[in-house]
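Here are some notes to read with the model open beside you.

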Amino acid sequence: MSQKLWGGRFDGATHSEVEAFTNSLKLDERLWQCDLKASLAHVRMLTQVKVLSQSEGDTLEKGLLELEEALTHGQIVFNPKAEDVHSEIERLLTERVGALAGKIHTARSRNDQVATATRMYLREEITNLRRELRLLQTSLVSFAESHLETLLPGTTHLQPAQPVSLAHHLMAYFWMFQRDSERLKECQLRTNCLPLGSGALAGTSFPIDRVMVQQELQFTSICENSLDAVSDRDFVVEFLNAATLIQVHLSRMAEELILWSTPQYGFVELSDATTTGSSMMPQKKNPDVAELIRGRSGRLAGAWVGAVTMLKGLPLSYNRDLQEDKVHLFDGVDTTRSCVRLMNLMLSQITFFPEKMAEAVRGDFSNATDLADYLVTKGMPFRQAHELVGAIVRECLNKQIPLEAMSLDQMRAFSPLIEASVFNALPPLSVLKARTSRGGTSPSAVQFQIQKAKELL
Ligand code: ARG
(Lines give C-alpha, C1' and ligand atoms only; values in the text may rest on other atoms or scores of the structure.)
Protein backbone atom coordinates (compact mmCIF):
# COMPACT_ATOMS: atom_id res chain seq x y z
CA MET A 1 0.00 0.00 0.00
CA SER A 2 1.21 3.48 -0.78
CA GLN A 3 2.38 5.64 2.13
CA LYS A 4 0.20 8.53 1.01
CA LEU A 5 -3.58 8.54 1.07
CA TRP A 6 -3.47 9.52 -2.57
CA GLY A 7 -0.31 7.82 -3.85
CA GLY A 8 -1.97 5.44 -6.32
CA ARG A 9 -1.86 7.60 -9.43
CA PHE A 10 1.66 8.86 -8.85
CA ASP A 11 4.76 7.30 -10.33
CA GLY A 12 7.34 9.60 -8.87
CA ALA A 13 7.93 10.56 -5.24
CA THR A 14 7.02 13.96 -3.82
CA HIS A 15 9.97 16.33 -3.56
CA SER A 16 11.10 16.66 0.06
CA GLU A 17 10.69 20.43 -0.03
CA VAL A 18 7.16 20.05 -1.31
CA GLU A 19 6.42 17.66 1.51
CA ALA A 20 7.73 20.12 4.06
CA PHE A 21 5.87 22.96 2.37
CA THR A 22 2.48 21.28 2.30
CA ASN A 23 2.64 19.36 5.58
CA SER A 24 0.37 20.64 8.34
CA LEU A 25 0.76 18.07 11.10
CA LYS A 26 2.59 20.35 13.52
CA LEU A 27 -0.24 22.80 13.15
CA ASP A 28 -3.31 20.64 13.03
CA GLU A 29 -2.32 17.92 15.49
CA ARG A 30 -4.38 19.70 18.10
CA LEU A 31 -7.46 18.55 16.18
CA TRP A 32 -6.75 14.89 16.91
CA GLN A 33 -9.45 14.39 19.52
CA CYS A 34 -12.10 16.02 17.36
CA ASP A 35 -10.94 13.99 14.38
CA LEU A 36 -11.15 10.74 16.34
CA LYS A 37 -14.61 11.52 17.68
CA ALA A 38 -15.87 12.36 14.21
CA SER A 39 -14.29 9.20 12.83
CA LEU A 40 -16.02 7.11 15.50
CA ALA A 41 -19.39 8.65 14.65
CA HIS A 42 -18.74 8.06 10.96
CA VAL A 43 -17.89 4.38 11.54
CA ARG A 44 -20.97 3.84 13.72
CA MET A 45 -23.13 5.40 11.05
CA LEU A 46 -21.56 3.38 8.23
CA THR A 47 -22.25 0.25 10.27
CA GLN A 48 -25.81 1.28 10.99
CA VAL A 49 -26.57 1.81 7.30
CA LYS A 50 -24.77 -1.47 6.52
CA VAL A 51 -22.01 0.00 4.39
CA LEU A 52 -19.75 -1.71 6.91
CA SER A 53 -20.55 -5.13 8.36
CA GLN A 54 -21.11 -5.33 12.10
CA SER A 55 -17.78 -7.04 12.65
CA GLU A 56 -15.91 -4.51 10.51
CA GLY A 57 -17.58 -1.70 12.40
CA ASP A 58 -16.74 -3.29 15.74
CA THR A 59 -13.09 -3.76 14.80
CA LEU A 60 -12.74 -0.19 13.54
CA GLU A 61 -14.50 1.21 16.57
CA LYS A 62 -12.30 -0.80 18.92
CA GLY A 63 -9.20 0.32 17.01
CA LEU A 64 -10.21 3.97 17.22
CA LEU A 65 -10.96 3.72 20.93
CA GLU A 66 -7.61 2.08 21.59
CA LEU A 67 -5.93 4.75 19.56
CA GLU A 68 -7.66 7.44 21.58
CA GLU A 69 -6.52 5.78 24.79
CA ALA A 70 -2.93 5.45 23.62
CA LEU A 71 -2.78 9.04 22.38
CA THR A 72 -4.35 10.35 25.57
CA HIS A 73 -1.68 8.66 27.64
CA GLY A 74 1.12 9.67 25.32
CA GLN A 75 1.89 6.04 24.49
CA ILE A 76 2.17 6.88 20.82
CA VAL A 77 3.25 10.07 19.15
CA PHE A 78 2.53 11.40 15.71
CA ASN A 79 5.07 11.14 12.97
CA PRO A 80 6.04 14.80 12.46
CA LYS A 81 6.45 14.16 8.73
CA ALA A 82 2.83 13.08 8.31
CA GLU A 83 0.86 15.12 5.81
CA ASP A 84 -1.76 16.11 8.33
CA VAL A 85 -3.48 14.85 11.45
CA HIS A 86 -6.24 13.15 9.45
CA SER A 87 -3.92 11.01 7.36
CA GLU A 88 -1.78 10.27 10.40
CA ILE A 89 -4.73 8.96 12.39
CA GLU A 90 -5.69 6.71 9.50
CA ARG A 91 -2.11 5.45 9.33
CA LEU A 92 -2.04 4.71 13.06
CA LEU A 93 -5.35 2.91 12.74
CA THR A 94 -3.90 0.84 9.93
CA GLU A 95 -1.05 -0.17 12.24
CA ARG A 96 -3.66 -1.52 14.61
CA VAL A 97 -6.31 -3.11 12.43
CA GLY A 98 -4.57 -3.56 9.10
CA ALA A 99 -6.03 -2.80 5.69
CA LEU A 100 -9.55 -2.67 7.13
CA ALA A 101 -8.64 0.84 8.35
CA GLY A 102 -8.94 1.95 4.74
CA LYS A 103 -12.71 1.40 4.94
CA ILE A 104 -13.07 4.23 7.40
CA HIS A 105 -12.68 6.66 4.55
CA THR A 106 -15.73 5.31 2.71
CA ALA A 107 -18.13 8.17 1.93
CA ARG A 108 -15.73 10.65 3.45
CA SER A 109 -13.05 13.05 2.26
CA ARG A 110 -10.49 15.00 4.20
CA ASN A 111 -12.35 18.03 2.94
CA ASP A 112 -15.48 17.38 4.98
CA GLN A 113 -13.37 15.75 7.67
CA VAL A 114 -11.19 18.80 8.33
CA ALA A 115 -14.15 21.16 8.26
CA THR A 116 -15.91 18.96 10.81
CA ALA A 117 -12.96 18.70 13.16
CA THR A 118 -12.28 22.44 12.96
CA ARG A 119 -15.88 23.26 13.79
CA MET A 120 -15.89 20.83 16.73
CA TYR A 121 -12.68 22.34 18.02
CA LEU A 122 -13.91 25.91 17.70
CA ARG A 123 -17.32 25.41 19.27
CA GLU A 124 -15.55 24.03 22.34
CA GLU A 125 -13.02 26.86 22.42
CA ILE A 126 -15.83 29.40 22.19
CA THR A 127 -17.36 27.90 25.31
CA ASN A 128 -13.97 28.12 27.03
CA LEU A 129 -13.40 31.70 25.97
CA ARG A 130 -16.87 32.74 27.08
CA ARG A 131 -16.16 31.17 30.46
CA GLU A 132 -12.97 33.23 30.82
CA LEU A 133 -14.79 36.37 29.76
CA ARG A 134 -17.43 35.73 32.34
CA LEU A 135 -14.82 35.49 35.09
CA LEU A 136 -13.42 38.82 33.99
CA GLN A 137 -16.90 40.36 33.91
CA THR A 138 -17.60 38.99 37.38
CA SER A 139 -14.52 40.60 38.82
CA LEU A 140 -15.36 43.92 37.15
CA VAL A 141 -18.79 43.83 38.76
CA SER A 142 -17.42 43.06 42.18
CA PHE A 143 -14.89 45.88 41.97
CA ALA A 144 -17.66 48.17 40.82
CA GLU A 145 -19.81 47.30 43.81
CA SER A 146 -17.15 48.52 46.20
CA HIS A 147 -16.32 51.71 44.29
CA LEU A 148 -19.69 53.33 43.71
CA GLU A 149 -18.53 56.58 45.31
CA THR A 150 -14.88 56.44 44.33
CA LEU A 151 -14.29 59.59 42.30
CA LEU A 152 -12.31 59.39 39.09
CA PRO A 153 -11.59 62.12 36.57
CA GLY A 154 -13.81 61.32 33.61
CA THR A 155 -12.13 62.54 30.44
CA THR A 156 -12.82 63.23 26.80
CA HIS A 157 -9.80 63.87 24.57
CA LEU A 158 -7.92 62.66 27.69
CA GLN A 159 -8.68 66.10 29.18
CA PRO A 160 -10.65 66.37 32.45
CA ALA A 161 -14.34 66.49 31.59
CA GLN A 162 -16.73 65.41 34.34
CA PRO A 163 -16.09 63.24 37.35
CA VAL A 164 -17.30 59.66 37.15
CA SER A 165 -17.09 56.85 39.66
CA LEU A 166 -14.50 54.13 39.35
CA ALA A 167 -17.45 51.75 39.40
CA HIS A 168 -18.97 53.40 36.35
CA HIS A 169 -15.67 53.32 34.51
CA LEU A 170 -15.14 49.62 35.20
CA MET A 171 -18.70 48.80 34.26
CA ALA A 172 -18.14 50.36 30.84
CA TYR A 173 -15.77 47.45 30.19
CA PHE A 174 -18.29 45.01 31.55
CA TRP A 175 -20.69 45.97 28.75
CA MET A 176 -18.02 45.72 26.07
CA PHE A 177 -17.22 42.20 27.20
CA GLN A 178 -20.92 41.42 27.40
CA ARG A 179 -21.35 42.28 23.72
CA ASP A 180 -18.23 40.26 22.92
CA SER A 181 -19.67 37.29 24.70
CA GLU A 182 -22.98 37.62 22.83
CA ARG A 183 -21.13 37.83 19.54
CA LEU A 184 -19.27 34.64 20.40
CA LYS A 185 -22.50 32.90 21.29
CA GLU A 186 -24.01 33.73 17.92
CA CYS A 187 -20.84 32.70 16.14
CA GLN A 188 -20.95 29.42 18.04
CA LEU A 189 -24.42 28.73 16.72
CA ARG A 190 -23.26 29.07 13.12
CA THR A 191 -20.07 27.12 13.83
CA ASN A 192 -22.13 24.27 15.22
CA CYS A 193 -23.23 23.01 11.80
CA LEU A 194 -22.18 19.57 10.52
CA PRO A 195 -20.19 19.37 7.24
CA LEU A 196 -19.43 15.62 7.47
CA GLY A 197 -21.30 13.71 4.78
CA SER A 198 -20.47 16.28 2.13
CA GLY A 199 -17.64 14.13 0.78
CA ALA A 200 -14.96 15.87 -1.23
CA LEU A 201 -17.43 18.40 -2.63
CA ALA A 202 -20.54 16.80 -4.10
CA GLY A 203 -21.91 14.42 -1.48
CA THR A 204 -21.74 10.65 -1.76
CA SER A 205 -23.52 7.80 -3.45
CA PHE A 206 -23.48 5.73 -0.24
CA PRO A 207 -26.72 5.67 1.77
CA ILE A 208 -25.31 7.68 4.68
CA ASP A 209 -27.37 8.98 7.60
CA ARG A 210 -26.24 12.50 8.36
CA VAL A 211 -28.81 13.00 11.08
CA MET A 212 -27.34 10.11 13.01
CA VAL A 213 -23.88 11.66 12.79
CA GLN A 214 -25.31 15.03 13.74
CA GLN A 215 -26.88 13.58 16.87
CA GLU A 216 -23.83 11.58 17.81
CA LEU A 217 -21.56 14.63 17.50
CA GLN A 218 -24.16 17.02 18.93
CA PHE A 219 -24.24 19.47 16.08
CA THR A 220 -27.22 21.81 16.17
CA SER A 221 -27.61 21.79 12.39
CA ILE A 222 -26.41 20.13 9.19
CA CYS A 223 -24.63 22.00 6.38
CA GLU A 224 -27.23 21.88 3.62
CA ASN A 225 -24.95 22.29 0.62
CA SER A 226 -21.92 20.07 0.15
CA LEU A 227 -19.96 22.65 -1.88
CA ASP A 228 -20.56 25.26 0.77
CA ALA A 229 -19.79 22.80 3.56
CA VAL A 230 -16.26 22.01 2.38
CA SER A 231 -15.32 25.51 1.32
CA ASP A 232 -16.90 27.67 3.99
CA ARG A 233 -14.64 29.22 6.59
CA ASP A 234 -16.99 32.08 7.50
CA PHE A 235 -17.12 30.72 10.99
CA VAL A 236 -13.37 31.18 11.34
CA VAL A 237 -13.54 34.77 10.09
CA GLU A 238 -16.52 35.48 12.29
CA PHE A 239 -14.76 34.11 15.34
CA LEU A 240 -11.61 36.09 14.61
CA ASN A 241 -13.69 39.20 14.16
CA ALA A 242 -15.31 38.71 17.57
CA ALA A 243 -11.93 37.86 19.09
CA THR A 244 -10.35 40.96 17.54
CA LEU A 245 -12.95 43.08 19.29
CA ILE A 246 -12.22 41.33 22.58
CA GLN A 247 -8.56 42.14 22.09
CA VAL A 248 -9.38 45.72 21.24
CA HIS A 249 -11.39 46.05 24.42
CA LEU A 250 -8.65 44.43 26.44
CA SER A 251 -6.14 46.71 24.79
CA ARG A 252 -8.03 49.86 25.73
CA MET A 253 -8.25 48.63 29.27
CA ALA A 254 -4.57 47.70 29.30
CA GLU A 255 -3.68 51.16 28.01
CA GLU A 256 -5.54 52.76 30.90
CA LEU A 257 -3.86 50.53 33.45
CA ILE A 258 -0.50 51.46 31.96
CA LEU A 259 -1.31 55.15 32.26
CA TRP A 260 -2.86 54.83 35.68
CA SER A 261 0.14 53.00 37.08
CA THR A 262 2.59 55.79 36.14
CA PRO A 263 3.76 58.01 39.01
CA GLN A 264 2.15 60.95 37.20
CA TYR A 265 -1.26 59.34 37.63
CA GLY A 266 -0.68 57.05 40.59
CA PHE A 267 -4.23 55.71 40.44
CA VAL A 268 -3.26 52.05 40.68
CA GLU A 269 -0.39 49.78 41.52
CA LEU A 270 0.01 46.46 39.76
CA SER A 271 1.27 43.58 41.88
CA ASP A 272 4.86 42.36 41.84
CA ALA A 273 3.60 39.05 40.50
CA THR A 274 2.10 40.67 37.43
CA THR A 275 4.85 43.14 36.52
CA THR A 276 8.49 42.88 35.50
CA GLY A 277 11.69 44.80 36.14
CA SER A 278 14.49 46.32 34.10
CA SER A 279 17.90 44.79 33.54
CA MET A 280 19.60 48.18 33.89
CA MET A 281 17.40 50.45 35.97
CA PRO A 282 16.97 48.98 39.45
CA GLN A 283 13.99 51.16 40.38
CA LYS A 284 11.76 49.97 37.54
CA LYS A 285 8.49 48.11 37.80
CA ASN A 286 7.02 47.79 34.34
CA PRO A 287 3.50 46.87 33.25
CA ASP A 288 4.72 44.41 30.61
CA VAL A 289 1.69 42.17 30.89
CA ALA A 290 -0.64 45.04 30.10
CA GLU A 291 1.64 46.11 27.27
CA LEU A 292 1.69 42.64 25.76
CA ILE A 293 -2.08 42.44 25.96
CA ARG A 294 -2.21 45.77 24.13
CA GLY A 295 0.43 44.63 21.65
CA ARG A 296 -1.25 41.33 20.93
CA SER A 297 -4.39 43.04 19.75
CA GLY A 298 -2.41 43.57 16.55
CA ARG A 299 -1.97 39.82 16.25
CA LEU A 300 -5.71 39.33 16.25
CA ALA A 301 -6.42 42.04 13.74
CA GLY A 302 -3.74 40.40 11.60
CA ALA A 303 -5.28 36.96 12.02
CA TRP A 304 -8.68 38.27 10.97
CA VAL A 305 -7.23 39.96 7.90
CA GLY A 306 -5.22 36.84 7.11
CA ALA A 307 -8.26 34.60 7.24
CA VAL A 308 -10.60 36.84 5.31
CA THR A 309 -7.99 37.51 2.64
CA MET A 310 -7.35 33.79 2.28
CA LEU A 311 -11.03 33.27 1.44
CA LYS A 312 -11.38 36.10 -0.98
CA GLY A 313 -11.35 34.96 -4.58
CA LEU A 314 -11.33 31.21 -3.89
CA PRO A 315 -13.39 29.33 -6.45
CA LEU A 316 -15.71 26.66 -5.08
CA SER A 317 -15.13 24.33 -3.50
CA TYR A 318 -12.18 23.10 -1.41
CA ASN A 319 -8.79 24.63 -2.19
CA ARG A 320 -5.62 23.97 -0.27
CA ASP A 321 -5.49 27.63 0.69
CA LEU A 322 -8.08 26.67 3.28
CA GLN A 323 -5.47 24.80 5.27
CA GLU A 324 -4.15 28.22 6.25
CA ASP A 325 -7.31 28.92 8.24
CA LYS A 326 -5.79 27.06 11.16
CA VAL A 327 -2.69 29.27 11.33
CA HIS A 328 -4.92 32.23 12.05
CA LEU A 329 -7.58 30.44 14.03
CA PHE A 330 -5.29 28.69 16.47
CA ASP A 331 -3.18 31.75 17.08
CA GLY A 332 -6.35 33.78 17.60
CA VAL A 333 -7.83 31.28 20.03
CA ASP A 334 -4.63 30.96 22.08
CA THR A 335 -3.84 34.64 22.13
CA THR A 336 -7.28 35.85 23.09
CA ARG A 337 -7.80 33.25 25.74
CA SER A 338 -4.49 33.96 27.43
CA CYS A 339 -5.00 37.72 27.24
CA VAL A 340 -8.41 37.50 28.91
CA ARG A 341 -6.94 35.27 31.62
CA LEU A 342 -3.97 37.53 32.22
CA MET A 343 -6.10 40.64 32.37
CA ASN A 344 -8.18 38.96 35.01
CA LEU A 345 -5.10 37.89 36.93
CA MET A 346 -3.69 41.41 36.81
CA LEU A 347 -6.99 42.86 38.04
CA SER A 348 -7.30 40.35 40.85
CA GLN A 349 -4.04 41.67 42.32
CA ILE A 350 -4.40 45.37 41.58
CA THR A 351 -4.42 48.09 44.23
CA PHE A 352 -6.58 51.13 43.57
CA PHE A 353 -5.71 54.47 45.20
CA PRO A 354 -9.05 56.27 45.54
CA GLU A 355 -7.42 59.22 47.31
CA LYS A 356 -5.16 59.88 44.31
CA MET A 357 -8.13 59.68 41.98
CA ALA A 358 -10.15 62.10 44.12
CA GLU A 359 -7.16 64.44 44.32
CA ALA A 360 -6.98 64.53 40.53
CA VAL A 361 -10.63 65.53 40.39
CA ARG A 362 -10.19 68.41 42.82
CA GLY A 363 -9.57 71.63 41.00
CA ASP A 364 -9.81 70.15 37.48
CA PHE A 365 -12.93 72.21 36.69
CA SER A 366 -14.88 69.07 35.97
CA ASN A 367 -17.75 70.66 37.91
CA ALA A 368 -18.05 73.52 35.43
CA THR A 369 -20.97 71.86 33.64
CA ASP A 370 -22.75 71.66 36.97
CA LEU A 371 -22.33 75.38 37.56
CA ALA A 372 -23.86 75.97 34.13
CA ASP A 373 -26.66 73.50 34.94
CA TYR A 374 -27.21 75.38 38.21
CA LEU A 375 -27.72 78.62 36.29
CA VAL A 376 -30.13 76.82 33.98
CA THR A 377 -32.23 75.76 36.98
CA LYS A 378 -32.32 79.49 37.86
CA GLY A 379 -33.82 80.22 34.45
CA MET A 380 -30.79 81.10 32.31
CA PRO A 381 -30.65 79.51 28.80
CA PHE A 382 -27.91 76.86 28.68
CA ARG A 383 -25.96 78.55 25.88
CA GLN A 384 -25.69 81.75 27.92
CA ALA A 385 -24.80 79.81 31.09
CA HIS A 386 -22.06 78.00 29.18
CA GLU A 387 -20.53 81.31 28.07
CA LEU A 388 -20.74 82.79 31.55
CA VAL A 389 -19.17 79.79 33.29
CA GLY A 390 -16.41 79.85 30.69
CA ALA A 391 -15.63 83.38 31.82
CA ILE A 392 -15.65 82.30 35.49
CA VAL A 393 -13.24 79.45 34.67
CA ARG A 394 -10.94 81.89 32.87
CA GLU A 395 -10.98 84.09 35.98
CA CYS A 396 -10.12 81.09 38.18
CA LEU A 397 -7.26 80.15 35.90
CA ASN A 398 -5.91 83.69 36.15
CA LYS A 399 -6.19 83.55 39.93
CA GLN A 400 -4.90 79.95 39.97
CA ILE A 401 -7.75 78.73 42.15
CA PRO A 402 -10.30 75.95 41.68
CA LEU A 403 -13.90 76.77 40.88
CA GLU A 404 -15.12 75.80 44.33
CA ALA A 405 -12.67 78.31 45.91
CA MET A 406 -14.51 81.27 44.39
CA SER A 407 -16.43 83.21 47.03
CA LEU A 408 -20.13 83.85 46.62
CA ASP A 409 -19.46 87.56 46.00
CA GLN A 410 -16.86 86.79 43.34
CA MET A 411 -19.37 84.56 41.57
CA ARG A 412 -22.29 86.93 41.94
CA ALA A 413 -20.19 89.52 40.17
CA PHE A 414 -20.76 87.33 37.10
CA SER A 415 -24.45 86.69 37.71
CA PRO A 416 -26.86 87.70 40.46
CA LEU A 417 -28.72 84.42 39.84
CA ILE A 418 -25.98 82.64 41.80
CA GLU A 419 -26.87 82.07 45.45
CA ALA A 420 -25.28 80.25 48.39
CA SER A 421 -27.00 77.03 47.31
CA VAL A 422 -24.41 76.84 44.50
CA PHE A 423 -21.96 75.40 47.02
CA ASN A 424 -24.13 72.30 47.30
CA ALA A 425 -23.82 71.70 43.58
CA LEU A 426 -20.06 72.08 43.13
CA PRO A 427 -18.32 69.44 45.28
CA PRO A 428 -17.21 66.56 43.06
CA LEU A 429 -19.21 64.00 45.02
CA SER A 430 -22.36 66.09 44.58
CA VAL A 431 -21.58 66.35 40.90
CA LEU A 432 -21.28 62.58 40.74
CA LYS A 433 -24.45 61.96 42.72
CA ALA A 434 -26.43 64.35 40.53
CA ARG A 435 -25.98 62.22 37.38
CA THR A 436 -28.96 60.02 38.17
CA SER A 437 -30.16 59.52 34.60
CA ARG A 438 -30.34 55.90 33.46
CA GLY A 439 -26.86 54.82 32.39
CA GLY A 440 -25.34 57.76 34.30
CA THR A 441 -22.58 57.74 36.87
CA SER A 442 -24.51 58.40 40.10
CA PRO A 443 -24.23 55.57 42.62
CA SER A 444 -27.95 54.82 42.24
CA ALA A 445 -27.74 54.65 38.44
CA VAL A 446 -24.62 52.50 38.59
CA GLN A 447 -26.32 50.27 41.13
CA PHE A 448 -29.08 49.82 38.57
CA GLN A 449 -26.66 48.74 35.82
CA ILE A 450 -24.87 46.43 38.22
CA GLN A 451 -28.22 44.79 38.89
CA LYS A 452 -28.76 44.32 35.14
CA ALA A 453 -25.25 42.97 34.79
CA LYS A 454 -25.78 40.45 37.55
CA GLU A 455 -28.93 39.20 35.85
CA LEU A 456 -26.86 38.60 32.72
CA LEU A 457 -24.12 36.79 34.60
N1 ARG B 1 -4.84 19.35 5.71
C2 ARG B 1 -5.85 19.91 4.86
C3 ARG B 1 -6.50 21.12 5.48
O4 ARG B 1 -6.27 21.40 6.59
C5 ARG B 1 -6.91 18.89 4.58
C6 ARG B 1 -6.51 18.04 3.47
C7 ARG B 1 -7.30 18.20 2.29
N8 ARG B 1 -6.37 18.06 1.26
C9 ARG B 1 -6.68 17.94 -0.02
N10 ARG B 1 -5.72 17.87 -0.85
N11 ARG B 1 -7.91 17.95 -0.43
O12 ARG B 1 -7.23 21.81 4.83
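1. The second largest cavity is lined by Pro-163, Val-361, Gly-363, Asp-364, Phe-365, Ser-366, Asn-367, Glu-404 and Pro-428. A cavity here is a set of points, on a 1 Å grid over the protein atoms alone, where a 1.4 Å probe fits but cannot get out, and lining residues have an atom within 4 Å of a point. The volume of this second cavity is about 50 Å³, a volume being the space filled by probe spheres set on the points, which are joined across faces, edges and corners. Its lining divides into four nonpolar, three polar and two charged residues. In this count Ala, Val, Leu, Ile, Met, Phe, Trp, Tyr, Cys and Pro are nonpolar, Asp, Glu, Lys and Arg are charged, and the others, Gly among them, are polar.

2. Please keep in mind that this is a predicted model, in which local features need pLDDT of at least 70 and side-chain atom pairs count only at pLDDT 80 or more, while totals for chains, interfaces and linings use all residues. Residues are numbered from 1 along each chain as its sequence is written, and side-chain values use heavy atoms, with hydrogens and water left out.

3. Helix 7 (166-191) and helix 10 (234-260) each contribute at least two residues to the lining of the largest cavity. Helices (H or I, at least four residues) and strands (E, at least two) are DSSP runs, numbered from the N terminus.

4. Now to the ligand, which has Ser-24, Asp-84, Arg-110, Asn-111, Val-114, Tyr-318, Gln-323 and Lys-326 around it; a residue belongs to this shell if one of its heavy atoms lies within 4 Å of the ligand. Helix 6 (residues 110-145) gives the most to the shell, with three residues. By class, the shell holds two nonpolar, three polar and three charged residues.

5. Asn-111 has a polar side-chain atom 2.9 Å from a nitrogen atom of the ligand. For Tyr-318, an N or O atom of the side chain is 2.5 Å from an oxygen atom of the ligand, and a polar side-chain atom of Lys-326 lies 2.7 Å from a ligand oxygen atom. Taken alone the ligand exposes 340 Å², and the protein buries 85% of that (accessible areas come from the Shrake-Rupley method with a 1.4 Å probe).

6. Strand 1 (residues 151-156) and strand 2 (residues 159-165) pair in the antiparallel sense over six bridges; two strands pair if DSSP finds at least two bridges between them. Leu-152 has Val-164 of strand 2 as its bridge partner, and Thr-155 has Pro-160. Two residues lie between the strands of this hairpin, where His-157 takes a positive phi near 55 degrees.

7. Two loops deserve a check of the backbone. Leu-316 and Ser-317 are joined by a cis peptide bond, with omega about 0 degrees, and Ser-317 sits in the loop between helix 11 (288-311) and helix 12 (325-348). Lys-50, a residue other than glycine, has a positive phi near 70 degrees; Lys-50 is found in the loop between helix 3 (32-48) and helix 4 (54-72).

Definitions and conventions
1 Å grid on protein atoms, 1.4 Å probe; cavity = no way out; pocket = protein on both sides within 12 Å on 5 of 7 lines; lining within 4 Å. Polar contact = N/O pair within 3.5 Å; in protein donor to acceptor, adjacent residues only side chain to side chain.
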